[in-house]
Amino acid sequence: MAASVSVFLSFFLGLVLVGLVSSSKFDQLFQPSWANDHFVYEGELLKLKLDHYSGAGFSSKSRYLFGKVTIQIKLVEGDSAGTVTAFYMSSDGPNHNEFDFEFLGNTTGEPYTIQTNIYVNGVGNREQRLNLWFDPTKEFHSYSLFWNQRHVLFLVDDTPIRVHPNMENKGIAFPKDQPMGVYSSIWNADDWATQGGRVKTDWSHAPFIATYTGFEIDACEIPASVAATESAKKCSSSGVKRYWWDEPTLAELNVHQSHQLKWVKAKHMVYDYCTDTARFPVMPLECVHHRH
């Protein structure tokens, strides 16, 4: 009996769901990519500064294909008009894939706006905007990107705010074979960020500071030596190797998540490229088949 149990346990452990669970410490996952002198380290907190001279940004040390990336951010307080804080994933090259969170600052008392966008094979123009249902400058909130071969999810405190499904069966390209780095930055974008550029950055309020903590990556790491054509194979479940992001329960939103997404869209969405007939007289094909 003991031998049978041992064999069963060995088989079970061989089927254990795998992923890459990474530390929440900034310097184990990320590195400054520009303006090192605009980084402030305070224990577990990282602060990025924007002033009249420069913004700042950081990038992951590795590239990933499928999984979940989360960062907790406390956005710029007070009059943040003209500033943008971004958290995104992107591959390299002119035909890159990219998933964007952009937090558009506003004048004091006005709501922060989140703009999301998706690039597939170098083509973006898939913007959505929503106003948050909380003040993102008072406490830390988690912002996540989840990605598998079925869809891309944008989440705020684990509430889905956008889903981009795989519609390759409709002839629509899906980002599934380019490893992506993880990035964040703060910069001045007062030519467009706040009320279409009508409200400019008030530099008397500088420095503008975004604060970060809780860096988490549970994803498939792709070494530089792995060719792009092999990435999807390396990060897909097969045989006894099962990645958690390939579980059937994660192939689509559950009922609760679907209700959450409907609530976000009904109560908080202020712009959707799919309904912008001035920009797109002919509705984009993915909008015809799916209302994200």
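Here are some friendly questions and answers about this predicted model.

Me: Which strands stand at the edges of the open sheet of eight strands?

Reply: Let's start with the strand order, which is β2-β5-β14-β7-β8-β9-β10-β17, with antiparallel pairing. Two of these strands have a single partner strand each, so one side of each is left without a neighbour in the sheet. On average, neighbouring strands here are turned by 15 degrees against each other, direction ignored. The strands at the edges are β2 and β17.

Me: What is the bridge partner of Val84 in β14?

Reply: Strand β7 covers residues 83-90 and runs antiparallel to β14. Eight bridges join β7 to β14. For Val84, the partner in β14 is Trp187.

Me: How many bridges join strand β6 to β15?

Reply: Strand β6 spans residues 63-74, and β6 and β15 run antiparallel. One of the pairs to look for is Lys68, whose bridge partner in β15 is Asp218. The number of bridges joining β6 to β15 is nine.

Me: What is the bridge partner of Thr70 in β11?

Reply: Strand β6 is also joined to β11 (residues 141-147), and these two run antiparallel. Seven bridges link β6 and β11. The partner of Thr70 in β11 is Ser144.

Me: Why are the buried residues of α4 on the same side of the helix?

Reply: The buried residues in α4 are Gln257, Gln260, Leu261 and Val264. They are on the same side of α4 because the arc they cover around the axis is only 95 degrees. As a general point, an α-helix has 3.6 residues a turn, so residues three or four places apart point the same way. For α4, the value to remember is that arc of only 95 degrees.

Me: Which residue caps the N-terminal end of α4?

Reply: Helix α4 runs over residues 255-267, and its 13 residues reach 18 Å from first C-alpha to last, close to the 18 Å expected. At its N-terminal end, a side-chain oxygen lies 3.1 Å from the backbone nitrogen of His256. The residue that provides this oxygen is Asn254.

Me: Is Glu286 buried or exposed?

Reply: You can find Glu286 in helix α5, residues 285-289. The side chain of Glu286 makes a polar contact with the side chain of Arg126, at 2.9 Å. The relative accessibility of Glu286 is 8%, so Glu286 counts as buried.

Me: Is Ala35 buried or exposed?

Reply: Ala35 is in the loop between β2 (30-34) and β3 (39-42). Phi of Ala35 is near 55 degrees, which is positive in a residue other than glycine. With 18% relative accessibility, and the cut-off for buried being under 20%, Ala35 counts as buried.

Me: What is the relative accessibility of Asp157?

Reply: Asp157 lies in the loop between β12 (151-156) and β13 (159-165). Although Asp157 is not a glycine, its phi is positive, about 50 degrees. Asp157 counts as partly exposed, with a relative accessibility of 32%.

How values were computed
Residues numbered from 1 in each chain as written. Predicted model: local features only at pLDDT ≥ 70, side-chain atom pairs only at ≥ 80, totals over all residues. Heavy atoms only, no water. Helix = DSSP H or I, 4+ residues; strand = E, 2+ residues; numbered from the N terminus. Buried < 20%, exposed > 50% of the residue type's maximum accessible area, 1.4 Å probe, protein only. Expected span 1.5 Å × (residues − 1). Arc of directions from axis to C-beta. Polar contact = N/O pair within 3.5 Å; in protein donor to acceptor, adjacent residues only side chain to side chain. Pairing = 2+ DSSP bridges. Axes fitted to C-alpha atoms, helices over the stretch in contact; angles between N-to-C directions.
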